[in-house]
Amino acid sequence: MRAPETWGRSTVHTACPLDCPDSCSLAVDVEQGRIVSIDGSRVAPSTNGFICGKVRRFDRRVYSEDRLLYPAVRAGGKGEGSFRRVPWTEALDLIAARFTEIAREHGGEAILPVSYGGSNGWLSHEATDRLLFRRIGASELARTVCAAPTGAAAAGMYGKMAGVAYEDYQAANLIVIWGCNPAVTGVHIVPHIKEAQKRGAKLVVIDPRMTLLARQADVHVALRPGSDLPVALAMHRHLFEEHGADRAFLDAHADGVDELRAAARAWTFERAADVAGIDAGMLRRVAEMYAAASPAVIRCGWGLERNRNGGNAVLAVLALPAVAGKFGMPGGGYTMSNSAAFGAKPFVWDAPTSTRVVNMNRVGRALTGADPGFAERPIRGLFVYNCNPLATLPDQNRMRAGLGREDLFTVVFEQVMTDTARYADVILPATTFLEHYDLARGYGAYHMHLVQPVIEPVGEARPNVEVFNDILHRMQPGASQGDTFEETDALLQLTTRMGEERTVSMYASGVAAPPFDGRPVQFVTAFPGTADGRVHLHPASLAAETGGTLYEFRPDPATSAFPLALISPATEKTVSSTLGELSTKIAALLLHPDDARARGIQSRDSIKVFNELGEVHCEADVTPETCAGTVILPKGLWMRHTWNQQTANALAPDTLTDIAGGACFNDARVDVALLARH
Ligand SMILES: Nc1nc2c(c(=O)[nH]1)N[C@H]1C(S)=C(S)[C@@H](COP(=O)(O)OP(=O)(O)OC[C@H]3O[C@@H](n4cnc5c(=O)[nH]c(N)nc54)[C@H](O)[C@@H]3O)O[C@H]1N2
Ligand SMILES: Nc1nc2c(c(=O)[nH]1)N[C@H]1C(S)=C(S)[C@@H](COP(=O)(O)OP(=O)(O)OC[C@H]3O[C@@H](n4cnc5c(=O)[nH]c(N)nc54)[C@H](O)[C@@H]3O)O[C@H]1N2
Ligand code: SF4
Ligand SMILES: [Mo]
């Protein structure tokens, strides 16, 4: 029995490990072994008793009709979604036998694990899964679909310095929300922004979309997607050339100053504004507000990284507080990802590897043999878990072709029947975070929580830790953790190691002591984690990666055939594609009235959005919420949400960002045409 209480009514304290910065503490009511309500608790101060609507109704996923209850093997064509139930032992034996055969005949690199953001918990990913795939010498997945450019930029410039805590936004006099939509993607910062505004703080939002916070901002810079680099460089030019730069701070703490200054010199407000499609006077005003305000804080999101200039854009944005001298006081500096603030690394069950690396943005290419090396040495075994690649990775039609290969042996370990799971040869049912143990830590909020099961597993679902160990035990008994390794054993090993390293200490409440008491002040209690403790405004490692030059703008990929920029930001309905099964509504493309008029399109029309990679048939929503020239489809749609089973990722190129090989979802360039009026 896993769940602490399975009879009568009780409240179980646990936490949310989903891919969200906030890492909420939860109070879940259970009656006769069933979840009756899920809400936020006050155990973690940043949660403060409230959570998002998605998780409040997570029970709908737990008990959904789409829930996978038993292991199953394919009984029809690939993608048809027809399966036959089998016992766990049969499914695991089959996987072990096929993987052993593939590895023996073609080498371990013919097997590729694909996983990402299903659970940010430390037991559910990069634990025994990593041990299994490394032991069998599988191809390594470069986990670049998200946060690769932001991560590389933050590491190169500041060594991932801990960022300003949500609570300290209340102390700021100017808040800049840059490429981030916290009202949807990390809601617990919003009350602190509101408090600051009540006190008279100014709010600037830099986003092509009129987000909720943009509506309430003093200035909304509705820039063309991918133009953040010139906009930030124009702000640097203002700081350097019009005497706003903090010379004393830069001399004491930074290098690369001259390189950054030289790169910024060409970007006058007029030139940057022209590239970004915004008003030069407004840009000057933002630069002047930022130079003058103190404390001033920048919340940098992930929207600005998902294009060809993503890495350099994030570098230029994160350099602003250093050049403008904004560090050294509560509410001053920046917040990016705080995932590194705990110091601890999850890997305990690791093994060395030196196998070929597959960039996850190009899994479709790898599977279809389109990339050099993969035609000669194909991927023959695929193991998908914590991920829904058909919905979430770029170049969807190529991915679909890859998953459709009859000779590809595909295992999908999932909670629900996703679009990807329909292509499986073997399906394994996974527990949700309400049915297993895990460790969750925020990448915005400074908490680490114990996640504990609230109910018994639904159907025959099992947790990742056990299943990967079971497969390894069948393939290489000596390399596994034994024949009955349970998640509680894994939890004990992990927390013991963390205790030895004195990184975090667990409290009885299930919340770990946050680093810096949860309120780091940059350059007072939190410092750069770079090797020399300095700020690198022109990080050598990143410059080497881009051929020596940073801060070089790559022009917009639009053509006369495909003039509109398509972005696909997060919505309040799903976390990436998770929970997409709960909606059957056809998606709507947001387009600006000018773009709609030019194409004879009205709201509710059936339209197609298309480019050379694919086309999406959906509804139109004509609205000034997006700027002219930019259209918006939601991130995380499933095939069922369009009329032709293609989503935004059918239009997203698998090109890579300037730094760190990240995804360029927002470099999709498209046109739109009317299909029918209802
Ligand atoms: N409800 C919900 N919450 C989530 C998620 C979810 O899917 N749903 N996803 C989680 C994950 S995996 C992540 S990584 C985070 C992401 O968190 P955010 O970064 O806040 O989310 P995004 O939607 O990726 O992008 C943020 C904003 O960037 C804007 N944007 C797009 N292109 C550009 C650009 O070129 N420049 C600028 N300045 N802005 C641009 C978009 O319009 C959007 O409003 O959220 C997490 N939280
Ligand atoms: N067009 C477009 N596409 C995007 C983005 C975008 O901005 N635009 N954003 C990207 C971003 S930011 C991200 S992070 C990626 C995320 O992409 P994915 O990693 O594919 O994330 P999800 O869609 O949430 O799919 C995760 C799956 O893991 C499963 N899962 C959850 N917990 C467990 C578990 O414990 N065990 C097992 N075996 N499975 C589990 C869930 O049921 C879910 O189906 O999507 C990217 N895709
Ligand atoms: S998804 Fe984010 S806001 Fe919602 S409960 Fe989880 S951590 Fe909290
Ligand atoms: Mo993400």
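Predicted model: local features only at pLDDT ≥ 70, side-chain atom pairs only at ≥ 80, totals over all residues.
A backbone N or O atom of valine 184 is found 3.1 Å from a nitrogen atom of ligand 1, and a backbone N or O atom of glycine 303 is found 3.2 Å from a nitrogen atom of ligand 1.

The surroundings of ligand 1 are made up of 35 residues, and the closest of these are Thr185, Asp207, Asp228, Thr574 and Ser576. Sorted by class, this shell comprises 15 nonpolar, 12 polar and 8 charged residues.

Ligand 2 is worth a look in the same terms. A polar side-chain atom of serine 577 comes to 2.5 Å from an oxygen atom of ligand 2, and a polar side-chain atom of threonine 578 comes to 2.6 Å from an oxygen atom of ligand 2. The backbone takes part as well: a polar backbone atom of valine 575 is 3.3 Å from an oxygen atom of ligand 2. Taken alone, ligand 2 exposes 920 Å², of which the protein buries 97%.

Around ligand 2 there are 31 residues, with Arg61, Glu414, Asn464, Ser577 and Thr578 coming nearest. The shell of ligand 2 holds 9 nonpolar, 17 polar and 5 charged residues.

Turning to charged pairs within the protein, the structure holds 38 salt bridges. One of them joins the side chains of arginine 261 and glutamate 241, with an N to O distance of 3.1 Å. This pair links distant parts of the chain, as arginine 261 belongs to helix α11 (residues 257–265) and glutamate 241 to helix α9 (residues 228–241), 20 residues apart. Arginine 261 has a relative accessible area of 22% and is therefore partly exposed.

A second salt bridge brings together the side chains of aspartate 371 and arginine 365 at 3.8 Å, N to O. Here both aspartate 371 and arginine 365 are buried.

Aspartate 605 has a relative accessibility of 2%, so it counts as buried. Arginine 677, by contrast, counts as partly exposed because its relative accessibility is 43%. Elsewhere, Arg224, Arg308, Asp556, Asp667 and Arg669 are joined into one network by salt bridges that share partners.

Strand β16 also deserves attention. Because 6 of the 6 residues of β16 (residues 409–414) are buried, the strand is largely enclosed by the rest of the structure. Phe409, Val411 and Phe413 point one way from β16, whereas Thr410, Val412 and Glu414 point the other way, and all are buried. Glu414 is also among the residues that come nearest to ligand 2.

Two partner strands can be followed from β16. Strand β15 (residues 381–385) runs parallel to β16 and is joined to it by 5 bridges; in this pairing, glycine 381 stands opposite phenylalanine 409 in β16. Strand β17 (residues 426–429) likewise pairs with β16 in the parallel sense, over 4 bridges. Within that pairing, valine 412 stands opposite isoleucine 427 in β17.

Finally, glutamine 645 is placed in the loop between β25 (630–632) and β26. With a relative accessibility of 39%, glutamine 645 counts as partly exposed. Glutamine 645 and proline 569 are separated by 76 residues in sequence and by 19 Å in space, C-alpha to C-alpha.

Conventions: Residues numbered from 1 in each chain as written. Chains lettered and ligands numbered in written order. Heavy atoms only, no water. Near = heavy atom within 4 Å. Polar contact = N/O pair within 3.5 Å; in protein donor to acceptor, adjacent residues only side chain to side chain. Nonpolar A, V, L, I, M, F, W, Y, C, P; charged D, E, K, R; others polar. Areas by Shrake-Rupley, 256 points an atom, 1.4 Å probe, with all protein chains shown as cover. Salt bridge = Lys/Arg side-chain N within 4 Å of Asp/Glu carboxyl O. Buried < 20%, exposed > 50% of the residue type's maximum accessible area, 1.4 Å probe, protein only. Pairing = 2+ DSSP bridges.
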